[in-house]
Amino acid sequence: MTPPYRVGDELPPLEIPVTRTLIVAGAIASRDYQDVHHDAASAREKGSPDIFMNILTTNGLVGRYITDHFGPTAVLRKVAIRLGAPNYPGDVLRLTGRITELRTADAPSGGASSADTSSDEVVDAVEAIEAVVQVTGGNGIGRHVTGTVAVTLPEPSAKRAGA
């Protein structure tokens, strides 16, 4: 059986090595051809010590973090992030998350949720259909990303089948 989720649950951290290849591949995949994401000399001319990761790559990594935790049938409904310290090659991005809200099947459409329930109250995975997760990610120079992700949770049988 899938364990119940609770408001306040911490997701296990995910550490992602920030390589030059990851930065360049992410920029290319998102069609971001800004030279600061692939040309170190141009990045230095513009005041950066090296190339750095673009926001779309960070957004994808945050999505990966959530679906790695909740499973391949979880559906990202909203990802809202803000960048801080740049991700440079040779560093490590460490993502962490905490469930801040659970929406249940009996909540009215329009976004009502169990946010006003105590963090000790368990909402069974069968009842919880959506979670809101506060995500942060840091690297060696500071906080790289903060954000909120709303995710539709997989059906318990779907999670077991994929586990």
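**Fold, core and strand pairing of the predicted model**

Arg 31 is located in the loop that separates helix H1 (20-29) from helix H2 (40-45), where helices (H or I, at least four residues) and strands (E, at least two) are DSSP runs numbered from the N terminus. Although Arg 31 is not a glycine, its phi is positive, at about 60°. Most residues other than glycine have a negative phi. With a relative accessibility of 69%, Arg 31 counts as exposed, the classes being buried for under 20% relative accessible area, exposed for over 50% and partly exposed in between (1.4 Å probe, protein chains only).

The structure is a predicted model, in which local features need a pLDDT of at least 70 and side-chain atom pairs count only at pLDDT 80 or more, whereas totals for chains, interfaces and linings use all residues. Residues are numbered from 1 along each chain as its sequence is written, and side-chain values use heavy atoms, with hydrogens and water left out. The average pLDDT of the chain is 86, and 79% of the residues score at least 70, pLDDT being the predictor's confidence in each residue on a scale from 0 to 100. Over residues 108-119 pLDDT stays under 50, and the model has 12 contacts beyond four places in sequence for them, a contact meaning heavy atoms within 4.5 Å. Over residues 122-126 pLDDT likewise stays under 50, with 17 contacts beyond four places in sequence.

Four helices and seven strands make up the secondary structure of the chain, and from the N terminus on these elements follow the order β-β-α-α-α-β-β-β-β-β-α. Of the 163 residues, 39% count as buried. When contacts between residues at least 6 apart in sequence are considered, 75% of them join residues at least 24 apart.

Several strands are paired, a pair requiring that DSSP finds at least two bridges between the two strands. Strands E2 and E4 run antiparallel and are paired over seven bridges, with Glu 15 having Arg 94 in E4 as its bridge partner. E4 is also paired with E6, again in the antiparallel sense, over 10 bridges, and here Arg 94 stands opposite Gly 138 in E6. E6 in turn pairs with E7 over 10 bridges in the antiparallel sense, and the two strands are joined by a hairpin through two residues. Thr 152 in E7 is the bridge partner of Glu 130, and Thr 152 also stands opposite Val 75. Strand E3 (residues 75-83) is joined to E7 by eight bridges, the two running antiparallel.

The largest nonpolar core comprises 29 residues, among which Ile 66, Phe 70, Leu 95 and Val 135 touch the most other members; such a core is a set of buried Ala, Val, Leu, Ile, Met, Phe, Trp, Tyr and Cys residues joined through side-chain atoms within 4.5 Å. Two or more residues are given to this core by each of strand E2 (10-18), helix H3 (55-70), strand E4 (91-104), strand E6 (128-139) and strand E7 (142-152), and the largest share, five residues, comes from H3. When residues up to four places away in sequence are not counted, the contacts of Leu 95 include Pro 12, Leu 14, Ile 16, Leu 61, Val 62, Tyr 65, Val 135 and Val 145.

Gly 97 is found in strand E4 and is buried, with a relative accessible area of 3%. Beyond four places in sequence, Gly 97 touches Asp 9, Glu 10, Leu 11, Tyr 65, Val 133, Gln 134 and Val 135. Gly 97 and Gln 134 are 37 residues apart in sequence, and their C-alpha to C-alpha distance is 5.4 Å.

One aromatic pair is present in the structure, rings of Phe, Tyr and Trp (its six-membered ring) being paired if their centres lie within 6.5 Å, with planes under 30 degrees apart counted as stacked, over 60 as edge-to-face and the rest as tilted. The pair is formed by Tyr 5 and Phe 70 in an edge-to-face arrangement, at 5.2 Å centre to centre and 65° between the planes. Because Tyr 5 lies in strand E1 (residues 5-6) and Phe 70 in helix H3, the pair ties together parts that are 65 residues apart in sequence. Both Tyr 5 and Phe 70 are buried.
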